[in-house]
Amino acid sequence: MIAIELAVVLLFIFIGARIGGIGIGFAGGAGVIVLSLGLGVPTSQAFIPVDVILIIMSVITAIAAMQVAGGMDWLVQVAESFLRKHPERITFYAPIVTFFMTLMAGTGHTAFSTLPVIAEVAKGQGVRPSRPLSIAVVASQIAITASPISAAVVAFAAMLAPMGVDYLTLLAVCIPTTFIACMVGAFVANFMGRELADDPIYQERLEQGLIKLNTEQKREILPTAKTATYIFLGAIAFVVCYAAAISGSIGLIENPALGRNEAIMTVMLAAAAAITMVTQIDASQIPSAATFRSGMTACVCVLGVAWLGSTFVNSHVDEIKDVAGALLSDYPWMLALVLFFASMLLYSQGATTVALMPAALAIGVAPLTAVASFAAVSALFVLPTYPTLLAAVEMDDTGSTRIGRYVFNHPFFIPGVVTISTSVALGFAFGGLLIG
C-alpha cells in the first residue's frame, strides 16, 4: 500500500508541475483527497504550515506597499548605478546585487527588475551575457535560504528550535556560506561559453540587426520611494534584533509576550501600515502589485504541497525511518541530493522545506546535516521553466543565454550545481563550528 500512496504523491506533484505556478498547490489539495478518501490515509497528523503561510502574507503585504510607493524602483536604480560603475566585473557583481536584493525582500522575484540591466551592461562591455545572467538567477534563488524573512528560513527555524538550533544560528551559517558559494559559482560562470565576439549565433544576430545596445535609462522615482524603503528595511532590522533579544543564546528578554513568528507578522503588517500612512499611497493598489500576487501564489503552493507531503510521510514515519534513517546516518550528504531533486519539481524553496525537512528531522537526521543541506532546496534552475530563468533568456538579445536541445544543457545548470554543492560543503564545515 505504501508504494501506491507514494505513487499518488508523485503523480500529483507531477500534475502540479505540469500546470505550473499556483497549480502545484491545487494539485497538492487534490492529492490529499485521493490519499484520504480514496486510500484511507488519515490527515489528522498532517503538518499544515499555517505560520509559514501567514508570514508570507504579512511580508509580501509590506513589500507590495513598498513597491506601490516606488521603493522597488529606487532599489533597482541603486543596483543599476552600482553595476554600471563596475562593468568589467559584471559576472561577480551581478550575483551580489540579486543576492542582497533577495536577502532583504525574502523573494527571488526582485531579480526581474535587474536582469535587463545585467544583460545590457555585459553586452556593452563585450562580456558574454549568459555568464552574469546565469549566476545572477542562481544567486536570487539560493539567497532565499539566507533571508531573515523568507518563508523557507522561518519555517526551518521553527523546526530546528526544539533541537537546540535557534534562528540566529541558522542565519549565521546560511548567510556566509550561500554568499561565498555564489562567488565560487560566479568564478565558474566567468569561464563558461565562447567569448561573445567568437559566438556564431551572436555574429549572425549582429549582422541581422537584432542586437541593440541601450543606454542607461533614467527612471522616474516617486518622492515617497526612499521613505517607504527605509521603513521596510527598518522593520527587517527590528525583526532580527528582536529575534536576537528573545533567543536562548542571548536571552535579553525572558518569557517574551510576543514570539518570533508573531513578531515577524505583526511588524511587517505594521510596516505596511506605516508606509501607507506616511507616504499616503492608495491602499487599494497594494493587492494589484506584482509582488503581492506572487506572494499569494506562494501561499497556495506551500499549503497544497506541505499538506500532501506530510499526509503521506506522517502516516509512514516509522517505515521511512527504518529504510532511510541508517542510510542518511552513513551518508548525510544524500539529504542534500533528495532536497535538490525535490525542489526541481516543487519549484519553491518554502514548499520543499515544509514538505521534506520535518520528515528528515523525524527520522533522526542530525541538525547539522539538515542545516548544511538546506541550500539544496534552491535547485529551481535545473528545469529551464522557472520565471526568472526564462526572463533572463528573453532579455539577452545576443542569443548567448539559450536553452539547449537536450533541455538540461543551458548556462544556468553548471553554475547552479557548483553554487549549491559549495554551499552544502561549506555548511558542513562552518556549521560544525556553531552547531553541536
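On a 1 Å grid over the protein atoms alone, a cavity is a set of points where a 1.4 Å probe fits but cannot get out, and its lining residues have an atom within 4 Å of a point. The close-ups below show a predicted model, in which local features need pLDDT of at least 70, side-chain atom pairs count only at pLDDT 80 or more, and totals for chains, interfaces and linings use all residues. Residues are numbered from 1 along each chain as its sequence is written, and side-chain values use heavy atoms, with hydrogens and water left out.

**View 1**
Welcome to the inside of the model, which holds three cavities of 30 Å³ or more. At least two lining residues come from each of helix H9 (167-189), H17 and helix H19 (413-434); helices are DSSP runs (H or I, at least four residues), numbered from the N terminus. H9 gives the most to this lining, with four residues.

**View 1. A stacked pair, Phe82 and Tyr93.**
Across the whole structure, a search finds 10 aromatic pairs. One of them joins Phe82 and Tyr93, stacked at 5.0 Å centre to centre with 25° between the planes. Rings of Phe, Tyr and Trp (its six-membered ring) pair if their centres lie within 6.5 Å; planes under 30 degrees apart count as stacked, over 60 as edge-to-face and the rest as tilted. Phe82 sits in helix H4 (residues 71-85) and Tyr93 in helix H5 (residues 90-105), so the pair ties together parts that are 11 residues apart in sequence. Phe82 is partly exposed, at 29% relative accessible area, while Tyr93 is buried at 18%. Here buried means under 20% relative accessible area, exposed over 50%, and partly exposed in between (1.4 Å probe, protein chains only).

**View 2. A tilted pair, Phe156 and Phe374.**
The ring centres of Phe156 and Phe374 are 4.6 Å apart and the planes are at 40°, so this pair is tilted. Phe156 belongs to helix H8 (residues 151-160) and Phe374 to the loop between helix H17 (367-373) and helix H18 (387-395), so the pair ties together parts that are 218 residues apart in sequence. Phe156 is buried, with a relative accessible area of 0%; Phe374 is buried, also with a value of 0%.

**View 3. A cluster of rings.**
Phe99, Phe100 and Phe179 are linked into a cluster by ring pairs.

The structure holds one salt bridge, meaning a side-chain nitrogen of Lys or Arg within 4 Å of a carboxyl oxygen of Asp or Glu. Lys123 and Glu120 form this contact, at 3.2 Å from N to O. Both residues lie in helix H6 (residues 111-125), three residues apart, about one turn of the helix. Lys123 is buried at 10% relative accessible area, and Glu120 is buried at 12%.

Ile48, Val50, Leu54, Met57 and Leu303 make a nonpolar surface patch of about 350 Å². Such a patch is made of residues with over 30% relative accessible area and no salt bridge, with nonpolar side chains (Val, Leu, Ile, Met, Phe, Trp, Tyr) joined within 5 Å. Accessible areas come from the Shrake-Rupley method with a 1.4 Å probe. Helix H3 (residues 50-68) gives the most to the patch, with three residues. Met57 is found in helix H3 and is partly exposed, at 34% relative accessibility.

Terms used. Patch = residues over 30% accessible without salt bridge, like charges linked within 9 Å, V, L, I, M, F, W, Y side chains within 5 Å. 1 Å grid on protein atoms, 1.4 Å probe; cavity = no way out; pocket = protein on both sides within 12 Å on 5 of 7 lines; lining within 4 Å. Points joined across faces, edges and corners; volume = space filled by probe spheres on them.
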